[in-house]
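This briefing sets out the principal structural features of the model shown below, grouped by topic. Please consult the sequence and the structure alongside the text.

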Amino acid sequence: MKKALLILLLLLFAVFLFFPISNLIGLQGKNELITAIQGTSENFAEASQILQNKCVDCHSPGMTRMPVYANLPIAKQLMEKDIEQAGKRLVLTKKLFSGEDAFTPLMLARLEHVVRSGIMPPTEYILMHWTGNLTDAEKQRLLVWIAEERSKSPWSQDSAEPFKGEPVQTLPLSVSLNQDKVALGGRLFHDRLLSGDNTLNCASCHDLTRGGTDQAKVATGIKGQQGPINSPTVYNAMYNIAQFWDGRAKDLQEQAAGPVANPGEMGAEWDVIIEKLKQVADYQDAFAKLYPEQGLTKASVTDAIAVFEQSLVTPNSRFDQYLRGNKVLLTPDEKAGYNLFKANCTACHFGPALGGLSFEKMGVKQDYFKLRGGPVNDVDNGRFNVTQQENDRHFFKVPVLRNIELTQPYFHDGSVDNLFDAVKIMSQVQLGKTLNDDETRKIVAFLKTLTGEYKGKPLAQLTTEDIQ
């Protein structure tokens, strides 16, 4: 009996070994490597070869090198699931491998994160592909190429040479806009005529002296109605891929139209608003001059507000000055905090605004809503409310982190009052990590270096007179 059991165990072990050995000796399918087109760099050519050798099986539909056991039960389902999940995060195409198409900043951010963290390829893949791990040399080559790609971006043009490849870029010191439209949009942004009872304006929820927010858990609308969700900052909103937490507005102009007509927010009707504005001679003159073909309409009003909001860039933070070359400006703790931030957070919080460029699930590694407690509401569904796709449930647009020390409370539900706790929770539910207090304190110290200026004055010191 024991001998039979031993033989059975040996047979099972041999069968198990067959799977990775079959891949090792080349029984799986094989792709012909795609060469880089003329004009691409040597770093890119080498990075492309690495990606094709190590990432193609899960991240390149149609190019997957299927193993001999691909159609076996269990193995087939597991591989299909892996490929499906990988495709949601990163799809590598032939045109990307050749250099015909460019890698987006989001792709670069996600690639850098998995290279630095070592979470890819996953353990299950390595068990079947013993040579599938990235070597240290391959990791370094990929990181060099990623930095090279970022250095070409217009976002990096103001950074000092050593920092051009960083995942975070400086905000421009000025933005080229029609200043007459900026002034008109600013006036409308602060005009209470845009609400149903003339009591609210855009600044009621997006106060420029409060970090572009109302610093409240949820917004307060017409007649004191409490909204269901936290008001995101309007500062640096021009860098968002879409507007609102769920991305239901494609741009700032579309966003500007929403709250005005929302019965729970500003509670007005656009036809009525336009008639009220037409009673103001200055508005009539301004729109006739700046929008001669449209005049004063919903489209021209929302365009003017959008242009004003494009001007709400907050440059010259201490971190911006550091990226521009002032290497001694940050304290050791702030620099250490940035390094921790790079190691953990820049797959989502990257670019000039440190966010706003993707939709991500709230609670990747742990159920955030269970941790938070209380009922799960419609707004907690996030992007799902727009797309009605189950895969988008609990996905939200990544918030920008510029001026984050002024935009409390945090998250879409405004459930956390202080930055220290917000960092701890994000690490826990998004990364499955428990940061110690010292690490958290250093990341918070870095985040506070992101507070910038508006009209040449630090945001924390802005008064109502400064924004008139």
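Predicted model: local features only at pLDDT ≥ 70, side-chain atom pairs only at ≥ 80, totals over all residues.

**Overall architecture**

- The protein chain comprises 468 residues, of which 48% count as buried.
- Its secondary structure consists of 19 helices and four strands.
- Taken along the principal axes, the C-alpha atoms of the protein chain fill a box of roughly 95 × 50 × 50 Å.
- Among contacts in the protein chain with a separation of 6 or more, 67% are accounted for by residues 24 or more positions apart.

**Nonpolar cores**

- In soluble globular proteins, nonpolar side chains tend to be buried together.
- The largest nonpolar core contains 35 residues, and those with the most contacts inside it are Leu 188, Leu 208, Val 301 and Tyr 454.
- At least two residues of this core are supplied by each of α9 (179–189), α10 (252–261), α11 (270–278), α12 (281–290) and α13 (298–310).
- Helix α13 provides the largest share of this core, with five residues.
- Leaving aside neighbours within four places in sequence, Leu 188 is in contact with Leu 194, Leu 277, Tyr 283, Phe 287, Val 301, Ala 304 and Ile 305.
- A second, separate core has 31 residues, including Leu 323, Leu 354, Phe 396 and Leu 447.

- Helix α6 covers residues 105–117, and its 13 residues should span 18 Å at 1.5 Å a residue; its end C-alpha atoms are 18 Å apart, so the two values agree.
- The buried residues in α6 include Met 107, Leu 108, Ala 109, Leu 111, Val 114 and Val 115, and also Arg 110, Glu 112 and His 113.
- Pro 121 lies in the loop between α6 and α7 (123–128), and the peptide bond that joins Met 120 to Pro 121 is cis, with omega about -5 degrees.

**The second largest pocket**

- The second largest pocket holds about 710 Å³ of space.
- Its lining is formed by 42 residues, of which Ile 229, Phe 244, Arg 248, Pro 259 and Glu 265 lie nearest the centre of the pocket.
- The elements that contribute two or more residues to this lining are α10, α13 and β2 (395–397).
- Helix α10 gives the most to the lining of this pocket, namely four residues.
- By residue class, the lining divides into 19 nonpolar, 18 polar and five charged residues.

**Loop between α9 and α10**

- Trp 245 is found in the loop between α9 and α10.
- Trp 245 is buried, because its relative accessible area of 11% is under the 20% cut-off.
- Not counting residues up to four places away in sequence, Trp 245 touches Ile 229, Asn 230, Pro 232, Phe 359, Phe 396, Lys 397, Pro 399, Phe 411 and His 412.
- Trp 245 and Gly 356 are 111 residues apart along the chain, and their C-alpha atoms are separated by 9.5 Å.
- Lys 223 also lies in the loop between α9 and α10; Lys 223 is exposed, with a relative accessible area of 76%.
- The phi of Lys 223 is near 60 degrees, a positive value in a residue other than glycine.

**Other loop features**

- Ser 153 is situated in the loop between α8 (136–151) and α9.
- The C-alpha atoms of Ser 153 and Lys 164 are separated by 8.7 Å, with the two residues eleven positions apart along the chain.
- Gln 388 is placed in the loop between α17 (384–387) and β2, and its phi is near 60 degrees, a positive value in a residue other than glycine.
- With a relative accessible area of 51%, Gln 388 is exposed, because the value is over the 50% cut-off.
- The peptide bond from Gln 408 to Pro 409 is cis, with omega near -5 degrees, and Pro 409 is found in the loop between β2 and α18 (419–431).

Notes:
Residues numbered from 1 in each chain as written. Heavy atoms only, no water. Core = buried A, V, L, I, M, F, W, Y, C linked by side-chain atoms within 4.5 Å. Buried < 20%, exposed > 50% of the residue type's maximum accessible area, 1.4 Å probe, protein only. Contact = heavy atoms within 4.5 Å. Expected span 1.5 Å × (residues − 1). 1 Å grid on protein atoms, 1.4 Å probe; cavity = no way out; pocket = protein on both sides within 12 Å on 5 of 7 lines; lining within 4 Å. Points joined across faces, edges and corners; volume = space filled by probe spheres on them. Nonpolar A, V, L, I, M, F, W, Y, C, P; charged D, E, K, R; others polar.
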